[in-house]
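Let's take a walk through this structure together, from the whole chain down to single residues.

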Amino acid sequence: MSSVLRPVPRADGPSPAGAYRPVSSHLAIAPPVSVVIPAMNEAENLPYVFKTLPDWIHEVVLVDGNSTDATVEVARELWPQVKVVEQRGKGKGDALITGFGECTGDIIVMVDADGSADGQEIVSYVSALVSGADFAKGSRFANGGGTDDMTFIRKLGNRALCAVVNRKFGARYTDLCYGYNAFWRHCLDKIDLDCTGFEVETLMNIRVVKAGLKVQEIPSHEYLRIHGVSNLRAVRDGLRVLRVILAERSNRRALRSRAHSPVLGTARGKAS
């Protein structure tokens with residue numbers, strides 16, 4: 001992994017011939033950035049999503065969940081070089097895993113297709129990664145963040161589930177169930193994602209902690225979905241998140257027990 005903080009070359013000075021991508025007025029990066037957007041029937045929202053994406057992005061990977069509207073056509077019109085991938089399974093987790101597998105950039109950013117995320121925030125995520133973080137985690141409740149799209153019940157549930165994860169896994173999160181995140185592509189080998197639904201974000205947050213990766217929270221503002229209705233169901237998906245937390249806790253206990261138990265089979269083998 002190579003991450004470099006460099007000043008953007010002056011217009012009248014020498015240029016690195018495209019070796020670095022200008023990210024802001026004071027930062028240029030070498031690592032290419034891939035943005036993954038899972039989408040199903042989001043043709044009306046994609047213009048708002050693509051409008052905010054920085055032009056220095058290496059590639060956009062749109063995972064189409066068998067849309068029946070013009071999602072794919074709109075994406076290609078807005079971003080001619082977009083890489084469209086057909087989702088063969090179901091669920092947000094499955095879509096993200098599919099998209100991650102198609103990325104060629106060193107940095108991967110997850111962005112929802114409903115217009116709730118501001119693509120201009122990507123610079124903050126990328127800056128955290130090239131400054132040393134492994135995983136840049138968006139937070140609506142960190143200082144400077146916010147949300148226009150959460151009911152009181154959802155906020156309460158998110159806070160309770162976040163407290164459980166912090167206590168059980170030694171994390172220090174202020175937000176748990178949020179889909180705006182970025183990470184180095186090599187992190188995928190350490191977190192081994194294997195779920196299909198909305199709970200994928202919680203699973204990622206738990207496994208980066210279990211893997212000992214360096215996490216930095218990024219204040220983020222979540223806006224209202226612009227068009228359409230979300231597939232999120234607070235009770236149903238909250239229970240799925242809780243099941244993931246309990247399963248990961250059980251796996252952790254099992255691994256700890258196995259690590260401290262004597263290897264009797266090896267001893268018997270030597271004795272025979």
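Accessible areas here come from the Shrake-Rupley method with a 1.4 Å probe. On that basis, the accessible surface of the protein chain amounts to about 14,000 Å², and carbon and sulfur atoms hold 53% of that surface. Please bear in mind that you are looking at a predicted model.

Start with the overall layout. The protein chain has nine helices and eleven strands in its secondary structure. It is 272 residues in length, and 45% of them count as buried.

Now look inside. In soluble globular proteins, nonpolar side chains tend to be buried together. In this model, the largest nonpolar core has 71 residues, and the members that touch the most others are I37, F100 and I122. Helix α4, residues 122-130, gives this core its largest share, with six residues.

Leaving aside residues up to four places away in sequence, its contacts include V49, F50 and L53. I37 also touches the run V60, V61, L62 and V63, and then V111, D112 and A113.

Next, find helix α7, which spans residues 200-210. Is this helix largely enclosed or exposed? Nine of its eleven residues are buried, so the rest of the structure largely encloses α7. The buried ones are V200, E201, T202, L203, M204, N205, I206, R207 and V208. After α7 comes G212, with a positive phi near 75°.

Is R249 buried or exposed? Buried means under 20% relative accessible area; R249 has a value of 19%, so it counts as buried. R249 and V165 lie 84 residues apart along the chain, while 9.2 Å separates their C-alpha atoms.

F152, I153 and L156 make a nonpolar surface patch of about 350 Å². L156 belongs to helix α5, residues 152-169. With a relative accessible area of 45%, L156 is partly exposed, whereas R249 is buried.

Technical notes:
Residues are numbered from 1 along each chain as its sequence is written. This is a predicted model: local features need pLDDT of at least 70, side-chain atom pairs count only at pLDDT 80 or more; totals for chains, interfaces and linings use all residues. Side-chain values use heavy atoms; hydrogens and water are left out. A nonpolar core is a set of buried Ala, Val, Leu, Ile, Met, Phe, Trp, Tyr and Cys residues joined through side-chain atoms within 4.5 Å. Buried means under 20% relative accessible area, exposed over 50%, partly exposed in between (1.4 Å probe, protein chains only). Helices (H or I, at least four residues) and strands (E, at least two) are DSSP runs, numbered from the N terminus. Contact means heavy atoms within 4.5 Å. Patches are made of residues with over 30% relative accessible area and no salt bridge: like charges are joined within 9 Å, nonpolar side chains (Val, Leu, Ile, Met, Phe, Trp, Tyr) within 5 Å. A salt bridge is a side-chain nitrogen of Lys or Arg within 4 Å of a carboxyl oxygen of Asp or Glu.
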